[in-house]
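Let's take a walk through this structure together, one neighbourhood at a time. Have the viewer open and follow along.

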Amino acid sequence: MTDINQLKYSYSLRLGDNAWILSHRLAEWCSNGPILEEDLALTNLALDLIGRAQGFYKYAAELEGKGKSEDDIAYRRNERQYFNNLIMEMPNGNFADTIARQLYVSVFEYYFFRELKNSKDETFAALAAKTLKEVKYHMAHAADWTIRLGDGTEESHKKMQKALNELWMYTGELFEMNDVDSELMAQGVSVDLSMLKPKWEQHIIDVLKEATLAQPEDIYMQTGSRQGIHTEHLGHILGDMQYLQRAYPDAKW
Amino acid sequence: MNNENTALAQDERLRSFEEYVGEGKAIEPRDWMPEGYRSHLIRQISQHAHSEVIGMQPEGNWITRAPSIRAKQILLAKIQDEGGHGLYLYSAAETLGISREEMLEQLQTGKAKYSNIFNYPSLTWADIGAIGWLVDGAAIVNQVSLQRTSYGPYSRAMVRICKEESFHQRQGYEIMANMMKGTPEQREMAQDAMNRWWWPSLMMFGPHDGDSPHSADAFRWKIKRHSNDELRQKFIDKTVQQAEVIGLTIPDADLKWNEETGHYDHGEINWDEFYRVIKGNGPLNKQRIAHHIKAHEEGAWVREAAQAYKQKQAQKYN
């Protein structure tokens with residue numbers, strides 16, 4: 001791999017992993033939603049994310065040039081070789097926990113893909129343009145529910161606030177950059193994440209205000225994903241996800 | 001005198017209703033219908049809706065373990081379709097004057113049934129293939145016949161649902177076909193799923209015609225157009241050939257082609273098992289309902305919040 005392809009590979013993997021791991025969590029809602037309509041809505045988000053993951057994994061495999069498939073990328077790596085942000089692997093918890101995760105992530109993704117759409121890398125730009133359309137819906141869904149739960153009953157307000165507070169510490173690393181970012185940014189390929197943070201924060205504040213909820217306090221931000229250091233949850237996700245591929249390595253499904 | 005008149009008017013109405021239906025015309029929600037027709041349809045449509053919804057559980061059991069990106073996508077989309085069918089059918093039943101809440105309560109208290117087949121466990125990935133191919137395959141045979149059922153909203157729901165089910169059936173068959181082309185372990189897995197799902201799939205069509213409790217009215221009112229045994233035979237005839245093509249064996253020693261009838265003869269179905277599972281003593285009856293109740297109860301605060309928010313908004317803008 002040339003240097004530039006190596007960098008793009010890492011970037012593509014990161015974006016693919018975010019979508020792939022979050023889709024896994026959302027799919028766990030199947031048959032568990034609070035109403036049938038919402039069961040379908042959450043798994044619909046999962047389907048969008050699976051499609052997105054497939055796009056970025058396919059590109060990663062292409063950049064790597066070792067003849068791997070997108071399935072090899074998704075199913076044959078270990079815990080330390082995943083680069084999704086920690087927030088993606090957080091358990092679904094109750095419905096408010098899932099909505100808080102969706103709010104933080106989809107607002108971030110909205111601003112992110114809006115920028116990546118202008119990437120000088122054509123594949124990234126095309127994938128971003130397609131993703132952006134979906135993310136707008138994801139963001140509206142999350143904001144609507146945040147407002148409904150925040151301004152619903154006393155119980156829902158409490159649950160929503162607690163969920164937002166607990167996940168806040170995983171939002172910092174969404175904006176974290178390393179050498180991959182700076183080198184790709186220099187070539188107009190990647191997004192300057194530091195620029196996104198104020199927009200993201202303002203957007204979240206606006207939603208929370210309408211929802212009669214308070215912005216969580218900044219106490220400590222957990223990081224690790226850029227180095228492939230995760231929470232304990234990821235290993236279990238992979239154990240489930242990769243079971244058949246690992247148990248029957250020669251099988252095609 | 002008055003009562004007599006009313007009774008006469010009722011008879012007259014019933015007669016013209018049956019005549020109308022007899023001509024193959026559709027009944028719509030606002031049309032007069034006999035109470036027996038209404039309650040038969042509510043039972044049948046809600047049972048159908050519940051089957052779609054409970055069916056999400058055995059398939060959902062494999063989503064997080066689907067073996068490829070494409071497999072995961074297809075499975076998740078399929079389950080979504082089933083959930084959508086559930087919604088669609090609940091709405092059709094609501095046109096007959098029952099609410100979704102009432103239907104869910106009937107499901108959770110065991111008053112309403114759902115398809116027996118979903119009380120069986122999905123144990124391996126091949127079961128996902130078998131469910132799509134056999135269970136959806138059996139459902140289609142039944143549903144195709146219901147496309148011309150006499151109640152308009154139900155018939156229209158069936159037309160739409162059949163289109164999607166035939167996709168599911170093909171996708172299930174593809175899983176089985178791929179596994180039969182695969183490693184010895186995969187072939188073994190596929191045959192094992194075939195062995196476990198074949199008989200329960202045949203039971204999906206219900207008891208033999210002579211033992212089917214609700215049939216007479218259903219035929220007269222054109223809710224039902226083909227008998228259980230007729231539909232079962234149709235399913236067997238088409239499925240045996242599909243199994244042969246990919247090298248799967250039907251687990252029935254008595255199965256053989258009958259030149260005279262032009263159909264496959266088959267062994268006797270274990271009706272003791274059928275009635276035992278219907279009565280609640282299948283492998284997973286209790287778990288399926290417990291799962292549904294748990295999700296429903298855990299979601300209660302969300303539904304309350306949505307309702308409270310809606311009321312607040314209504315007050316704000318009124």
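An axis here is a line fitted to C-alpha atoms, for helices over the stretch in contact, and angles run from 0 to 180 degrees between N-to-C directions. Keep in mind as we go that this is a predicted model.

With that in hand, turn to chain B. The axes of α7(B) and helix α8 (residues 184-203) of chain B come within 7 Å of each other and cross at roughly 140 degrees. The two helices, α7(B) and α8(B), are therefore oblique to each other. On the α7(B) side, the contact is made by Met176(B), Met179(B) and Met180(B). Facing them from α8(B) are Gln186(B), Arg187(B), Met189(B), Ala190(B), Ala193(B) and Met194(B). Sorted by class, this contact has 7 nonpolar, 1 polar and 1 charged residues.

Helix α7 (residues 152-180) of chain B has another partner to look at, helix α10 (residues 228-246) of chain B. Here the axes come within 9 Å and cross at roughly 30 degrees. An angle under 35 degrees counts as roughly parallel, and α7(B) and α10(B) are therefore roughly parallel to each other. From α7(B), the residues in this contact are Gln169(B), Tyr173(B), Met176(B), Ala177(B) and Met180(B). They meet Lys238(B), Gln242(B), Val245(B) and Ile246(B) in α10(B). By class, the contact of α7(B) with α10(B) has 6 nonpolar, 2 polar and 1 charged residues. Met176(B) and Met180(B) take part in the contact with α8(B) and also in the one with α10(B).

Now step to the loop between α9 (215-220) and α10 of chain B, where you will find Ser227(B). Is Ser227(B) buried or exposed? At 13% relative accessibility, Ser227(B) counts as buried. A polar atom of its side chain lies 3.1 Å from the backbone nitrogen of Glu230(B). Not counting residues up to four places away in sequence, Ser227(B) touches Asp209(B) and Phe219(B).

Helix α9 of chain B itself holds Ala218(B). With a relative accessible area of 0%, Ala218(B) is buried. Leaving aside neighbours within four places in sequence, Ala218(B) is in contact with His40(B), Ile223(B) and Lys224(B). For a sense of scale, Ala218(B) and Lys316(B) are 98 residues apart in sequence and 50 Å apart in space, C-alpha to C-alpha.

Ser156(A) counts as buried, at 0% relative accessibility. Its side chain reaches the backbone nitrogen of Thr153(A) at 2.9 Å. Which residues does Ser156(A) contact, leaving aside its neighbours within four places in sequence? They are Arg148(A) and Leu149(A), together with Trp301(B) and Ala305(B) from chain B.

Our last stop is the aromatic rings. A pair of aromatic rings is described by the distance of the centres and the angle of the planes. Over all chains, the count comes to 30 aromatic pairs. Take Phe56(A) and Phe113(A): their ring centres are 6.4 Å apart and their planes are at 40 degrees, so the pair is tilted. Phe56(A) lies in helix α2 (residues 36-64) of chain A and Phe113(A) in helix α5 (residues 95-116) of chain A, so the pair ties together parts that are 57 residues apart in sequence. Both Phe56(A) and Phe113(A) are buried. They belong to one aromatic cluster, with members including Tyr11(A), Tyr59(A), Tyr104(A), Phe108(A), Trp168(A) and Trp200(A).

Technical notes: Residues numbered from 1 in each chain as written. Chains lettered and ligands numbered in written order. Predicted model: local features only at pLDDT ≥ 70, side-chain atom pairs only at ≥ 80, totals over all residues. Heavy atoms only, no water. Helix = DSSP H or I, 4+ residues; strand = E, 2+ residues; numbered from the N terminus. Parallel < 35°, antiparallel > 145°, perpendicular 65-115°, else oblique. Contact = heavy atoms within 4.5 Å. Nonpolar A, V, L, I, M, F, W, Y, C, P; charged D, E, K, R; others polar. Buried < 20%, exposed > 50% of the residue type's maximum accessible area, 1.4 Å probe, protein only. Polar contact = N/O pair within 3.5 Å; in protein donor to acceptor, adjacent residues only side chain to side chain. Phe/Tyr/Trp six-rings, centres within 6.5 Å; stacked < 30°, edge-to-face > 60°.
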